[in-house]
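Morning, everyone. I have one structure to walk you through today. Please look at the screen.

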Amino acid sequence: MSEEKTIAYCMKCKAKREMSTEEAVYTANGSPATRGVCSVCSCTMFRMGRTEAHDSIPKPAKQPTKKKSKKK
Ligand SMILES: [Zn+2]
């Protein structure tokens with residue numbers, strides 16, 4: 001088995017770079033994504049999309065943003 005690197009676009013390098021210390025996360029919208037660090041400049045990278053790692057983490061429940069307090 002070969003180690004597969006996640007390629008993501010680095011905003012700082014303005015190029016596609018290998019992602020190191022990648023971590024499966026869910027965005028505030030509940031969309032699966034991967035967060036990591038650029039192997040070249042060490043800035044934070046973010047890549048949308050589901051990966052195998054998402055199977056092991058719980059998906060956050062979508063919270064309805066209905067917080068209307070009508071009080072004077
Ligand atoms: Zn970079």
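Predicted model: local features only at pLDDT ≥ 70, side-chain atom pairs only at ≥ 80, totals over all residues.

**A walk through the strands**

Now step back to the whole protein. How many helices and strands does it have? Zero helices and four strands. Along the sequence, the pattern reads β-β-β-β.

Next, the overall form. The C-alpha trace spans about 60 × 30 × 15 Å along its principal axes. The radius of gyration is 16 Å, whereas a compact globule of 72 residues would have one near 11 Å. Of the 72 residues, 11% count as buried. What about contacts along the chain? Take those between residues at least 6 apart in sequence: 34% of them join residues at least 24 apart.

Find Pro60 in the segment after strand S4, which is 44–48. Is Pro60 buried or exposed? Pro60 counts as exposed, because it has 12 C-beta neighbours inside 10 Å, and the cut-off for exposed is 12 or fewer. Which residues does Pro60 touch, leaving aside neighbours within four places in sequence? Pro60 is in contact with Tyr26 and Gly30. Then there is Pro32. Pro60 and Pro32 are 28 residues apart in sequence, and 10 Å apart in space, C-alpha to C-alpha.

That's my tour. Thank you.

Notes: Residues numbered from 1 in each chain as written. Helix = DSSP H or I, 4+ residues; strand = E, 2+ residues; numbered from the N terminus. Rg over C-alpha atoms; globule rule 2.2 N^0.38 Å. Buried ≥ 20, exposed ≤ 12 C-beta atoms within 10 Å, placed from the backbone. Contact = placed C-beta atoms within 7 Å.
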